[in-house]
Amino acid sequence: MSASNTIVGLGARTDHIATVPNLDLARLQLSPEETGVLSLVGRVERIDQVLSRSTLGEARTIAVLLALRAKGAIVPARVVPRNQPAPAVDAAMAEEVDLEPERKKEIIDLERALDGLDYFAVLGLRPGAPATEVKQAYYNASRRFHPDRYFGKNLGSFRARMERIFRKLTDAHNVLSQQDKRDAYLKANPALAQASAAASVPSPPPVASSPAPSAASYPATELTPIGLTPPPTPSPLRMARPAPPPTPAPPPVNDAESEARRAERQARLARHPYMAKNVRLTELVARGKAAVARGDWERAYQDFHQVQTMDPKNREVAMLLVEARRRHDEQRASVEVTRGRELEQHGDDVGALAAYRLAFSLDNQSAEAAFRSAKLGLQQGQDVGEVRVLAQRAVDLLPGRVEHQVLLGRVLMESGAKKQAKRVFEDAAKLDPDNAEAKAALKKLRWTF
């Protein structure tokens, strides 16, 4: 497979891509462009067919497909020819992510059954389980289904599945661990209320027969004859009493032991889902800012994006994410320009043009990407109107480059705008009076109008 037929991040142009089943479009918050391209994919479609039917242009469509892939909306797909028996393959299980097959199946099965499970069942509890069991079950499930457990791994569409499962687990915990919400939930679900009541009825205790009291069971009393005064009882104050034993002194405080207990208690609190989330957010923000400081915009973008997913109301991170995304796209655009040059040096002008256009779609402030896209587009007979936009953009960004002016003049001549072409070639001649192409074009255009 030649490089010109391969799109980095998607695969070969003849490969298929598919929309992830049970996709939650509201959660993904797709842009209009992403929604339009996703509709072209449908259930499954070849990449080159999507590119040919899109009205955004190939470079922009590729950028949108890469964005959909990053959001987990589309995945690579394998299509079996109709003359061959199609194996029963679950598209979700076939997705290439950093999860073991058993773990993938557990997540898929639970996510698909989620709508039919009550709050007790989703936590794996019997109806009527007490709040203590609810809290323990929620803690155990959080360790298995919280997406942050797999930080740094490629989860693809499984991140959205785990987030949906974790939301249901959290809702179940919040309702069943608070008595007023629990009562309201059971009242709204009579079948669960009956099952809970049946599970909570205690067995009657066994009845034991009590023997009749005997005389020996009564306390002994001293009988005093009537009319006689009982002998006086010595006053406690007059009786000789032994001195009370001295109170033992409290054991000395072991500071090392107290510190160890305090550390263990703090570690236990840190493992709580809510505390763990705050700790995780703090770590991600700090790591993202460190990545910004060293210029690693890809790492910064990933960290800030994860923080925004976990805490959408964090305004500071939202601003940091915008800047990180811009700088990250600039870095990616620079990489694509370099790749385009290499392809151009090896004679692959088609692949080079695709790389340059992808670079410009990522960073429309790249004069080089605009210039090289226009130059190769003109050579390959691309739509002259689109080529003209790119050539004009290159001049607007760097008006002092004579080669940009000359290219724009050639494009204008190709489109029939000779008067505008003459003015552009005159500007080029002012920048470089000895430029042969500008002088020849002006000589040719001098008497044509």
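Which residues are linked with D115 in a network of salt bridges? The network joins E111, D115, R161 and R164. A quick word on the ground rules: this is a predicted model, where local features need pLDDT of at least 70, side-chain atom pairs count only at pLDDT 80 or more, and totals for chains, interfaces and linings use all residues. Residues are numbered from 1 along each chain as its sequence is written, and side-chain values use heavy atoms, with hydrogens and water left out.

A salt bridge here puts a side-chain nitrogen of Lys or Arg within 4 Å of a carboxyl oxygen of Asp or Glu. Searching the whole structure turns up 28 of them.

Take D115 and R164, whose side chains meet at 2.6 Å, N to O. D115 sits in the loop between α6 (101-113) and α7 (119-122) while R164 belongs to helix α9 (residues 158-176), so the pair ties together parts 49 residues apart in sequence. Helices are DSSP runs of H or I, at least four residues, numbered from the N terminus. D115 is exposed, at 65% relative accessible area, and R164 is partly exposed at 25%. For those labels, buried is under 20%, exposed is over 50% and partly exposed is in between, using a 1.4 Å probe and protein chains only.

Now hop over to E368. It forms a salt bridge with R341, with the closest N and O atoms 2.1 Å apart. This one links distant parts of the chain, E368 in helix α17 (residues 367-379) and R341 in helix α15 (residues 315-345), 27 residues apart. E368 also forms a salt bridge with R372, at 3.0 Å between the closest N and O atoms. These two are four residues apart in helix α17, so about one helical turn separates them. E368 is partly exposed at 28%, R341 is partly exposed at 33%, and R372 is partly exposed at 23%.
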